[in-house]
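Thanks for coming, everyone. I'll take one structure today and walk through it piece by piece. Here it is.

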Amino acid sequence: MGPSQSLLLLLALSLSSTLTSSTDYSALVFKGCADQNFQNFNAQALKTLFDSLISQSSAAKFYKTTSDTVNGLFQCRGDLSGADCRNCVEKAPNLAQKLCGQAIAARVQLNGCYLRYEIAGFRQVSGVELLYKICGSNRASGTGFGDRLDLALGEVVKGVTGGGGGFYAGAYESVYVLGQCEGDLSGGDCVNCVKNAIDKAKSVCGNALSAQIYLQTCFISYTYYPNGVPTTNQPSFSPSGTRWNTEKIIAVALGGIVGIGLVAACLLFTKSAFKKKHRAYKYGG
């Protein structure tokens, strides 16, 4: 195997690793913990709540319940399979207790799901409160990006109430977008939340080529691909949920590469798509 072939293989393996890691749905994004702790900590009530949530996660993308005086819910991303949803939700309770201890309210946001609980009567933050943001480090230059982004995000507003159960994923020209509302939001509240998320993305991320915006009851994300989003790379969505086909993405990406320089450019763009810093926010008020 010659030097060029070796370098191509190395880059291909690196690209495979990057794409595979992007499907780690149970990776922590952020956490929020209330300042107050339970006065008389009821570990059994919390365990019963967590067990109930986990038991529903193979069959539902959203579930809310109450155990004694503790309310809780989980939500998985709409494109996750039942198995991926359960795997994600199963990780959340241990993380919540590890990161928040005996806090009377907590939220743990993972890549593919989130889990939230609070003692009955706990004062919630507004549904459109900004909890966390991730703005890509790459910035748009020239004209045209803003118009494309506006049109793509407009599809999210229409899509979340278009029969997808409050979830939408798709592409407009060179922008891949995704949005989801909390499962029990009405159509009007969902649209209002998504519009607020879009406004916040524009104000806090500006002309970043990628962003993730998490509000209390919805989130949106977008990524701009300079060479266009290949239709074969877009994860399809159905009510039962599907996932990215990593092997297909790698095959398409490598099949369309002409020369090692372009492979390297694609790899560098993939690696720098997001500049993540895990952090916490103060839960509630």
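Let's start with Thr65, which lies in strand S2, residues 62-67. This is a predicted model, by the way. Is Thr65 buried or exposed? Its relative accessible area is 17%, under the 20% cut-off, so Thr65 is buried. Which residues does Thr65 contact, beyond four places in sequence? They are Leu49, Ser52, Leu53, Val70, Asn71 and Gly72.

Now step past the end of that strand. Asp68 sits in the loop between S2 and strand S3, residues 70-76. Asp68 has a positive phi, about 60°, and it is not a glycine. Most residues other than glycine have a negative phi. As for accessibility, Asp68 comes out at 56%, so it counts as exposed.

There is another positive phi to look at. Glu173, also not a glycine, has a phi of about 50°. Its place is the loop between strand S7, residues 167-172, and S8. Glu173 has 47% relative accessibility, so it counts as partly exposed.

Let me zoom out. The protein chain has seven helices and eleven strands. Of its 285 residues, 45% are buried. Now take contacts between residues at least 6 apart in sequence. Of these, 71% join residues at least 24 apart.

On to helix packing. Helix H2 covers residues 43-56 and helix H3 covers residues 82-100. Their axes are 9 Å apart, and they pack at an angle of about 165°. Angles over 145 degrees count as roughly antiparallel, so H2 is roughly antiparallel to H3. The crossing of these two helices, H2 and H3, is right-handed. Who meets whom? From H2 we have Leu46, Phe50, Leu53, Ile54 and Ser55. Across from them in H3 are Arg86, Val89, Glu90, Pro93 and Gln97. By class, the contact of H2 with H3 has six nonpolar, two polar and two charged residues.

Phe41 is in the loop between strand S1, residues 28-33, and H2. With 28% relative accessibility, Phe41 counts as partly exposed. Setting aside neighbours within four places in sequence, Phe41 is in contact with Leu46, Gln97 and Gln102. Leu46 belongs to H2 and Gln97 to H3, and both take part in the contact of those helices. Phe41 and Ala103 are 62 residues apart in sequence, and their C-alpha atoms are 9.2 Å apart.

The axes of H4 and H5 come within 9 Å and cross at roughly 155°. That makes H4 roughly antiparallel to H5. H4 passes H5 in a right-handed crossing. On the H4 side, the contact is made by Asp150, Leu153, Val156 and Val157. On the H5 side, the residues are Val191, Val194, Lys195, Ile198 and Lys202. By class, this contact has six nonpolar, no polar and three charged residues.

In soluble globular proteins, nonpolar side chains tend to be buried together. The largest nonpolar core here has 30 residues. Which of them touch the most other members? Val177, Val194, Ile220 and Tyr222 do. Five elements each supply at least two residues: helix H4 (145-159), strand S8 (175-181), helix H5 (187-205), strand S9 (210-215) and strand S10 (218-224). The largest share, eight residues, comes from H5.

Take Ile220 as a close-up. Not counting residues up to four places away, Ile220 touches Leu153, Val156, Leu178, Gly179, Val194, Ala197, Ile198, Ala201, Ala211, Gln212 and Ile213. There is also a second, separate core, with 27 residues, and its members include Ile54, Phe74, Cys76 and Phe122.

Last stop is Leu178, one of the residues that Ile220 touches. Leu178 is found in strand S8. Its relative accessibility is 5%, so Leu178 counts as buried. Leu178 and Val156 are 22 residues apart along the chain, with C-alpha atoms separated by 6.8 Å. Beyond four places in sequence, Leu178 is in contact with Arg77, Asp79, Val156, Phe167, Tyr168, Ala169, Phe219, Ile220 and Ser221.

That's my tour. Over to you for comments.

Methods:
Residues numbered from 1 in each chain as written. Predicted model: local features only at pLDDT ≥ 70, side-chain atom pairs only at ≥ 80, totals over all residues. Heavy atoms only, no water. Axes fitted to C-alpha atoms, helices over the stretch in contact; angles between N-to-C directions. Helix = DSSP H or I, 4+ residues; strand = E, 2+ residues; numbered from the N terminus. Parallel < 35°, antiparallel > 145°, perpendicular 65-115°, else oblique. Left-handed = near helix turned anticlockwise from the far one by under 90°. Contact = heavy atoms within 4.5 Å. Nonpolar A, V, L, I, M, F, W, Y, C, P; charged D, E, K, R; others polar. Core = buried A, V, L, I, M, F, W, Y, C linked by side-chain atoms within 4.5 Å. Buried < 20%, exposed > 50% of the residue type's maximum accessible area, 1.4 Å probe, protein only.
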